[in-house]
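Q: I am new to this structure and would like to go through it step by step. Could we begin with the surroundings of one of the ligands?

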Amino acid sequence: MTSLNLKTNIKGLNGKITIPGDKSISHRSVMFGSIAHGETKVTNFLPGEDCLSTISCFRKLGVTIDETDNQLRIIGKGFDGLTEPTEVLDVGNSGTTIRLLMGILAGRPFFSSLVGDESIGKRPMTRVTNPLTEMGARIDGRKNGSFTPISLRGGGLQPINYRLPVASAQVKSAIILAGLQAEGQSTIIEPEETRDHTERMIIRFGGEIHKDNQKIIVKGGQKLTGTTIQVPGDISSAAFFLVAGAIIPESEIVLKDVGLNPTRTGIIEVMKKMGASLEIVQNDKESFEPSGDLIIKTSKLKGIVIEGDLIPKLIDEIPIIALLATQAEGTTIIKDAEELKVKETNRIDTVVQELKELGAKIEATEDGMIIYGKSVLSGGTVSSHGDHRIGMMLAIAALLCQSEAKLENPEAISVSYPNFFEHLNSLIK
Ligand SMILES: O=C(O)C1=C[C@@H](OP(=O)(O)O)[C@@H](O)[C@H](O)C1
Ligand SMILES: C=C(OP(=O)(O)O)C(=O)O
């Protein structure tokens with residue numbers, strides 16, 4: 001583990017950056033390319049560590065995947081073409097990889113075992129293993145099947161009618177992927193709408209799925225066909241520069257080709273409500289995932305309440321929204337965000353602890369946090385705690401710090417944004 005001296009006391013972030021590919025869509029492009037028949041070509045694939053873990057797992061399942069310059073060529077042989085792995089499948093730090101992969105493996109009549117890093121070892125898996133077991137998969141794992149390492153023997157799945165106990169796109173997607181292999185029709189009801197990239201992928205790969213508000217219906221036994229996927233920029237990565245542009249004096253940043261799927265744009269809604277000077281130029285090119293350019297300028301902000309069905313649409317952006325709120329006049333309250341406790345870290349605790357260290361006035365609550373603005377950030381030594389989003393949030397916070405700031409374990413950032421510091425430095429005069 002290393003530490004990095006961060007840039008502090010900056011005025012003016014100016015310029016244009018092209019945000020790297022969306023992590024959720026990159027994962028799914030590998031998975032769907034693998035379970036479809038024929039060739040899939042992916043452009044603007046995110047070469048972050050999480051997505052590389054997904055590639056590595058599918059190669060171990062017998063799929064040929066060529067990767068050059070953020071482009072993939074995947075030779076899919078259908079669900080039936082996946083083969084029993086001779087090695088353990090290592091998902092690294094990636095919750096999306098393990099949970100969606102279990103949905104695919106649940107339908108495969110062979111044995112596999114899954115492990116991940118220390119953080120994955122603390123994240124709950126029964127939310128996925130319970131419905132998959134109900135469908136007929138045989139799954140076991142540490143602490144009565146709750147945590148990795150996990151072993152799985154799939155095949156012979158029955159369809160399911162399932163009401164999700166938590167709003168989670170990973171759980172929904174795992175059941176959809178198992179449902180595609182079940183005998184009959186499955187129905188999934190989500191408590192709040194979550195990101196719908198899996199549903200869009202099925203249609204892009206020539207399959208069928210029906211959505212009626214929060215009710216999703218998927219038929220088993222469908223044959224998917226390889227296609228081309230152009231991955232848009234990741235709005236969750238863009239979020240760091242949206243906030244940086246809004247809070248650093250004398251800034252104007254253009255973010256090119258950012259994904260604008262309405263199930264992901266909660267951050268835009270929040271920033272506009274807080275008074276940010278944010279312009280959206282929607283791309284008109286026809287795509288299965290909408291995108292556009294975002295232009296952000298230094299803004300005068302006010303505190304707001306963030307809660308309810310907006311939370312799943314900005315769940316990964318809450319750490320950086322907390323920083324934004326420290327620079328708004330008045331109080332910001334974030335509620336209904338208990339899910340933050342089971343991410344790469346307990347993000348309620350890590351955000352509060354690290355922003356406090358820099359001088360922010362912020363307190364944790366049972367389901368979120370309260371941030372009192374506007375506060376002056378001083379400086380100090382902070383840590384990513386091995387969580388990429390905490391690391392990037394702290395690097396942006398440091399830009400406002402009046403004295404030195406040091407980040408421990410900055411390496412974690414390469415999980416979702418390997419060239420983050422290169423992009424940040426290109427905007428500093
Ligand atoms: O489906 C996905 O790609 C993701 C869903 C979300 O997790 P949950 O489903 O656990 O909310 C999100 O936090 C994660 O970064 C990516
Ligand atoms: C929670 C995240 O990812 P995952 O669940 O895939 O580890 C994230 O990227 O913020």
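Predicted model: local features only at pLDDT ≥ 70, side-chain atom pairs only at ≥ 80, totals over all residues.

Q: What about ligand 2, which residues are around it?
A: Around ligand 2 are K23, D50, S94, G95, T96, D316, K343, E344, R389 and S416.

Q: How does the shell around ligand 2 divide by class?
A: There are no nonpolar residues in the shell around ligand 2, while 4 are polar and 6 are charged.

Q: Let us turn to the domains. What does the domain assignment give?
A: The assignment gives domain 1 (3–21 + 232–427) and domain 2 (23–230). Their centres, taken over C-alpha atoms, are separated by 28 Å.

Q: How many residues of each domain are in contact with the other?
A: On the side of domain 1 there are 21 residues, in contact with 25 residues of domain 2. The side of domain 1 that touches domain 2 has 7 nonpolar, 8 polar and 6 charged residues.

Q: A change of topic: in what order do the strands of the open sheet with β2 lie?
A: The order is β2-β15-β17-β16, with 4 strands in mixed pairing. The edge strands, β2 (14–18) and β16 (277–282), each pair on one side only. On average, neighbouring strands of this sheet are turned by 15° against each other, direction ignored.

Q: In which sense do β16 and β17 pair?
A: β16 and β17 (residues 291–297) pair in the antiparallel sense, over 6 bridges. Q282 has G292 in β17 as its bridge partner.

Q: Which helix packs on the sheet and touches β2, β15, β16 and β17?
A: That is helix α8 (residues 235–247), whose direction makes about 165° with that of β15 (252–259).

Q: And which helix lies across β2 and β15?
A: Helix α13 (residues 420–427) lies across those strands, running at about 150° to β2.

Key:
Residues numbered from 1 in each chain as written. Chains lettered and ligands numbered in written order. Near = placed C-beta within 6 Å. Nonpolar A, V, L, I, M, F, W, Y, C, P; charged D, E, K, R; others polar. Pairing = 2+ DSSP bridges. Helix = DSSP H or I, 4+ residues; strand = E, 2+ residues; numbered from the N terminus. Axes fitted to C-alpha atoms, helices over the stretch in contact; angles between N-to-C directions. Contact = placed C-beta atoms within 7 Å. Domains from an automatic or database assignment.
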